[in-house]
2 protein chains.
Amino acid sequence: MTREVAERHDAIAAVAEVFREHGYAGSSLTAITQQTGLGKGSLYHFFPNGKQEMAEAVLEDVSAWFEENVFLALRDSEAPARGIEQMFEAVDRYFRSGERICLLGAFALGDSREPFERVIHRYFSSWTEALAEALLRTGFTAPKAAEMAEEVVVGIQGALVLARSRQDPQVFTRTLQRLRRRIPTIQS
Amino acid sequence: MTREVAERHDAIAAVAEVFREHGYAGSSLTAITQQTGLGKGSLYHFFPNGKQEMAEAVLEDVSAWFEENVFLALRDSEAPARGIEQMFEAVDRYFRSGERICLLGAFALGDSREPFERVIHRYFSSWTEALAEALLRTGFTAPKAAEMAEEVVVGIQGALVLARSRQDPQVFTRTLQRLRRRIPTIQS
DNA sequence: TATATACTGTACCTATTGGTACACATAAGG
DNA sequence: CCTTATGTGTACCAATAGGTACAGTATATA
């Protein structure tokens with residue numbers, strides 16, 4: 001791993017926080033510059049296509065994190081129930097028990113989503129499909145598995161909206177618990 | 001009803017569509033001007049405090065619509081089950097069966113939400129509380145009613161996120177059906 | 001019809017926007 | 001030590017941002 005890659009990744013993480021706070025259109029280069037500590041020179045060195053490339057990189061990075069830490073476990077054909085349990089744990093960790101929002105969801109609702117439609121679409125499709133597959137393998141019928149998968153992803157996203165709106169992260173943890181309970185095979 | 005009020009309300013509705021499409025920061029005055037057909041003169045006549053007042057007016061307008069068409073029916077102590085059924089119908093109509101997003105939810109996740117925190121908070125609190133009250137009156141225990149109310153509002157918001165993300169409005173109608181089924185007293 | 005009030009178009013302002021150019025620093029490899 | 005790569009700070013740019021000023025046009029009411 002060369003030095004460049006490592007630092008570009010640090011830049012991505014820093015820029016992500018700015019987008020999380022201000023949205024895409026709301027994140028001016030000045031804001032990005034100040035909150036990341038990176039000058040324009042560095043920023044345009046890592047992201048030659050400017051702001052849009054920054055956003056693409058950030059969304060790809062989040063997607064990759066979920067691919068690796070969530071979807072992969074769900075696709076593990078050996079232990080579907082354990083994969084689902086791992087998903088709930090990773091999701092709770094990632095969203096800091098409701099204190100963080102989902103950048104993909106925010107971009108989907110927000111300004112100028114067109115350039116990012118594909119990444120957003122893929123993220124939610126992968127998630128729902130991987131979860132449905134896992135549920136299928138735990139013994140649910142295909143339609144029931146698909147319905148439950150959609151219910152879980154919908155619930156997580158909705159809970160993030162409500163947690164932020166009501167400034168009450170507990171909405172998120174409560175919802176996660178409720179969704180967990182709805183899947184009998186993983187009741188602990 | 002004087003002419004002024006009527007036209008200001010038309011302006012609000014037109015501006016709302018722009019915010020729905022581009023978000024707050026993403027809606028430039030030029031974009032608002034062009035998409036609404038209103039010149040800066042008119043815009044600043046109706047909203048002397050500029051863009052922020054436009055957004056406040058829009059959010060207040062949406063809130064008022066829900067207050068009148070949704071929360072009011074829920075608070076009707078005569079027929080709680082019918083009030084809940086009316087809520088589902090109004091919600092389905094308002095969000096155009098999943099083709100429209102919730103501006104309050106979008107602003108909650110999006111850029112510069114601070115100035116609008118109060119309206120957003122009130123909207124979701126009113127909704128959840130009115131629904132919980134109605135469920136209580138249909139015979140559920142208080143904790144069960146509160147849980148179900150949260151589940152419904154969370155589900156609606158999450159479904160809007162997913163419907164937009166996957167460009168599939170059916171996610172919304174399916175979710176609405178599923179939530180309806182979960183409330184035994186209104187099963188049709 | 002006179003007049004006050006509601007509404008609108010245009011010209012203009014300054015600050016900030018995203019983006020570029022480029023000299024410079026830094027460090028590793030030969 | 002020289003060269004090549006990667007990384008960075010600064011000055012600069014045209015375009016656009018949100019906002020203001022104000023003269024002008026409708027319109028309602030008396």
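Which residue of chain A comes closest to the rotation axis? That is A:Gly158, with its C-alpha at 1.8 Å.

Some ground rules. This is a predicted model, where local features need pLDDT of at least 70, side-chain atom pairs count only at pLDDT 80 or more, and totals for chains, interfaces and linings use all residues. Residues are numbered from 1 along each chain as its sequence is written, while chains are lettered from A and ligands numbered from 1 in the order in which they are written.

Now the symmetry. Chain A superposes on chain B by a rotation of 180 degrees with 0.0 Å of shift along the axis, at an RMSD of 0.0 Å (least squares on C-alpha atoms of residues with pLDDT of at least 70 in both copies). The two copies are therefore related as by a two-fold rotation axis. Both use the same surface: 100% of the contact residues of chain A recur in chain B. Contact here means C-beta atoms, placed from the backbone, within 7 Å.

Next, the interface. Chain A puts in 35 residues and chain B 36. On the chain A side, the elements giving two or more residues are H6 (103-109), H7 (117-137), H8 (142-165) and H9 (170-182); helices are DSSP runs of H or I, at least four residues, numbered from the N terminus. H8(A) gives the most, 13 residues.

Last, a backbone detail. Most residues other than glycine have a negative phi. A:Gln167 has a positive one, near 50 degrees, and lies in the loop between H8 and H9 of chain A. A:Gln167 counts as exposed because it has 12 C-beta neighbours inside 10 Å (the cut-off for exposed is 12 or fewer, with C-beta atoms placed from the backbone).

Notes: Contact = placed C-beta atoms within 7 Å. Buried ≥ 20, exposed ≤ 12 C-beta atoms within 10 Å, placed from the backbone.
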